[in-house]
Amino acid sequence: MLVLKRKQGEAIHIGDDVTLTVLAIEGDQVKLGIDAPRHIDIHRHEVYIQMQEENESARNSANLMKQMIKKQSEA
């Protein structure tokens with residue numbers, strides 16, 4: 001993991017298309033601004049993890065349904 005220190009108003013660039021700017025520092029929170037192309041998805045970590053878990057659950061449900069349909073067609 002790369003660790004960088006930035007002050008309020010300073011930014012970092014990720015590749016050619018993404019800029020991350022420190023907008024404000026309020027107590028123990030940092031407010032970030034992210035400038036990126038629309039095709040790049042940006043999510044808070046906890047939201048991203050929840051989305052991954054829901055996608056995995058949906059895949060498991062779909063696989064279970066396929067197995068049930070296969071067993072019924074074999075019977």
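This is a predicted model: local features need pLDDT of at least 70, side-chain atom pairs count only at pLDDT 80 or more; totals for chains, interfaces and linings use all residues.

Mentor: E56 is partly exposed, with a relative accessible area of 37%. That class lies between buried (under 20% relative accessible area) and exposed (over 50%), with a 1.4 Å probe and protein chains only as cover.

Residues are numbered from 1 along each chain as its sequence is written, and side-chain values use heavy atoms, with hydrogens and water left out.

Now the partner. The side chains of E56 and R59 meet in a salt bridge, at 2.9 Å from N to O. The term means a side-chain nitrogen of Lys or Arg within 4 Å of a carboxyl oxygen of Asp or Glu. Side chains of opposite charge can pair when their charged atoms come close. What separates the two residues along helix α1? R59 and E56 are three residues apart in helix α1 (residues 45–74), so about one helical turn lies between them. Helices here are DSSP runs of H or I with at least four residues, strands are DSSP runs of E with at least two, and both are numbered from the N terminus.

Stay with R59. R59 is partly exposed too, at 45% relative accessible area. Its side chain also makes a polar contact with the side chain of E56, at 2.9 Å. A polar contact is a pair of N or O atoms within 3.5 Å; within protein, one must be able to donate a hydrogen and the other to accept it, and residues adjacent in sequence count only if both atoms are side-chain atoms. R59 and K7 are 52 residues apart in sequence, and their C-alpha atoms are separated by 43 Å.

By the salt-bridge rule, the count comes to four. Another one joins the side chains of E46 and R44, at 2.8 Å from N to O. E46 is partly exposed, at 48%. R44 is exposed, at 55%. A further bridge links the side chains of E10 and R6, at 3.6 Å from N to O. E10 counts as partly exposed at 27% relative accessibility, and R6 counts as partly exposed at 39%.

Next, the strands. β1 (residues 11–14) and β2 (residues 18–26) pair in the antiparallel sense over four bridges. Two strands pair if DSSP finds at least two bridges between them. Their hairpin has three residues between the strands, and there G15 takes a positive phi near 65°. I14 belongs to strand β1. At 47% relative accessibility, I14 counts as partly exposed. From I14 to A36 is 22 residues in sequence and 9.4 Å in space, C-alpha to C-alpha.

Go across the pair. I12 stands opposite L20 in β2. L20 counts as partly exposed, at 22% relative accessibility. L20 touches E10, A11, I12, L32, G33 and I34, not counting residues up to four places away in sequence. Contact means heavy atoms within 4.5 Å.

With residues up to four places away in sequence left out, T19 touches A11, I12, H13, G33, I34 and D35.

I34 sits in strand β3. It is partly exposed, at 42% relative accessible area. Which strand gives the largest share of the patch? Strand β3 (residues 29–35) does, with three residues.
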